[in-house]
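Here are my notes on the model, as a few numbered points. Have the coordinates open while you read.

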Amino acid sequence: MPRLDARHVFQVTNVLDGLLAAGAATHALAAVPALGVVAATQAALTATCLCPRCPFLGPVITRVATTKPEVALTFDDGPDAALTPRILALLAQYDARASFFCIGRRARQTPQLIRVAAGAGHSIENHSWDHSPRFALFGSRRLVREIDDTQALLTDLSGRPPTCFRAPAGFRNPWLAPLLAERALHCAAWSHRAFDTLDPATARIERRLSRGLTPGAVILLHDGRNARDSAGRPVLETVLPRLLQGLQTRGLRAVDLPTLLAGHDRTRRPQDTAGRAATPVPRAFR
């Protein structure tokens, strides 16, 4: 039996909406305009769900307006028994801090890594329990389990409740924002995405991250499911030290996301910061 994926579900939903709008078969002709409206509405809703930085499904953090020379480093999909300790060592070497958006199921398998990361001053944040590719299709009951089970585990392991949530791949639905608001959780996206789960070319990742990198940026990297370079090494082992060197050269400090949010300047808009001319990229980060 073919596996049901998100595309099929949305197609079925569109058909059902069309039938409901059309009513009885005898009114089919009269329903044609309504079908067009329903189809357009569904298309817009689907596009919005698949747009991680779109504000229409509720507040989402993509960049923080700040006067401080800080950017947020964030790592998704961990912890990973092999790569996360290497990332922690690099962060310590450069006196950098980061937020680790952890999958609950993986945190349960490697609890010591959560304790070590939290003990080193990094923030531990919520990235759902299963990181399901169908996350945006879940109803509120399943979303509650995904959020709350992860929240409880990470609080127990790190000693601090997560204050930020990032949806798997950033995909959301209309039920998520009210649930996050009830739990005082910020919905986090990003301003700079490495695509380091897919792209094996470290130079291309470095160019992608350095473009327009200014105070208030939120950088998305992955300590889980990291792509491998031509030598078979995780690309972050090459990219991260160069990124940290580049930040220091630019006079920028890598912090966790809650720290960046604490420095939010409410008199400025995020685009005020984003619009600044970018500092020339240092050779080590070209």
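1. First, the pocket rule: on a 1 Å grid over the protein atoms alone, a pocket is an open set of points with protein on both sides within 12 Å along at least five of seven lines, and lining residues have an atom within 4 Å of a point. Grid points are joined across faces, edges and corners, and a volume is the space filled by probe spheres set on the points. The largest pocket comes to about 360 Å³.

2. Two bits of housekeeping. This is a predicted model, where local features need pLDDT of at least 70 and side-chain atom pairs count only at pLDDT 80 or more, while totals for chains, interfaces and linings use all residues. Numbering starts from 1 along each chain as its sequence is written, and side-chain values use heavy atoms, with hydrogens and water left out.

3. Back to that pocket. Its lining has 20 residues, and Pro-59, Val-60, Ile-61, His-186 and Cys-187 lie nearest the centre. Helix 7 (176-182) and strand 5 (186-187) are the elements that give two or more residues to this lining, with helix 7 supplying the largest share, 4 residues. Helices here are DSSP runs of H or I with at least four residues, strands are E runs of at least two, and both are numbered from the N terminus.

4. Now look at strand 2 (residues 99-102). Ser-99 and Phe-101 point one way and Phe-100 and Cys-102 the other, yet all are buried (under 20% relative accessible area with a 1.4 Å probe, protein chains only). In general, side chains of a regular strand alternate between the two faces of the sheet.

5. Strand 2 has parallel neighbours, taking pairing as at least two DSSP bridges between two strands. Strand 1 (residues 70-78) pairs with strand 2 over 4 bridges, and strand 3 (residues 123-126) is joined to strand 2 by 4 bridges. Cys-102 stands opposite Gly-78 and also opposite Asn-126 in strand 3.

6. The largest holds about 40 Å³, and its lining includes Phe-100, Cys-102, Ile-124 and Asp-223. Helix 5 (111-119) gives the most to that lining, 3 residues.

7. Finally, Glu-146 in helix 6 (residues 140-158). Glu-146 counts as buried because its relative accessibility is 3%. A polar atom of the Glu-146 side chain lies 2.9 Å from the backbone nitrogen of Trp-129. Contacts of Glu-146 (heavy atoms within 4.5 Å), not counting residues up to four places away in sequence, include Asn-126, Trp-129 and His-131.

Notes
Buried means under 20% relative accessible area, exposed over 50%, partly exposed in between (1.4 Å probe, protein chains only). A polar contact is a pair of N or O atoms within 3.5 Å; within protein, one must be able to donate a hydrogen and the other to accept it, and residues adjacent in sequence count only if both atoms are side-chain atoms. On a 1 Å grid over the protein atoms alone, a cavity is a set of points where a 1.4 Å probe fits but cannot get out, and a pocket is an open set with protein on both sides within 12 Å along at least five of seven lines; lining residues have an atom within 4 Å of a point.
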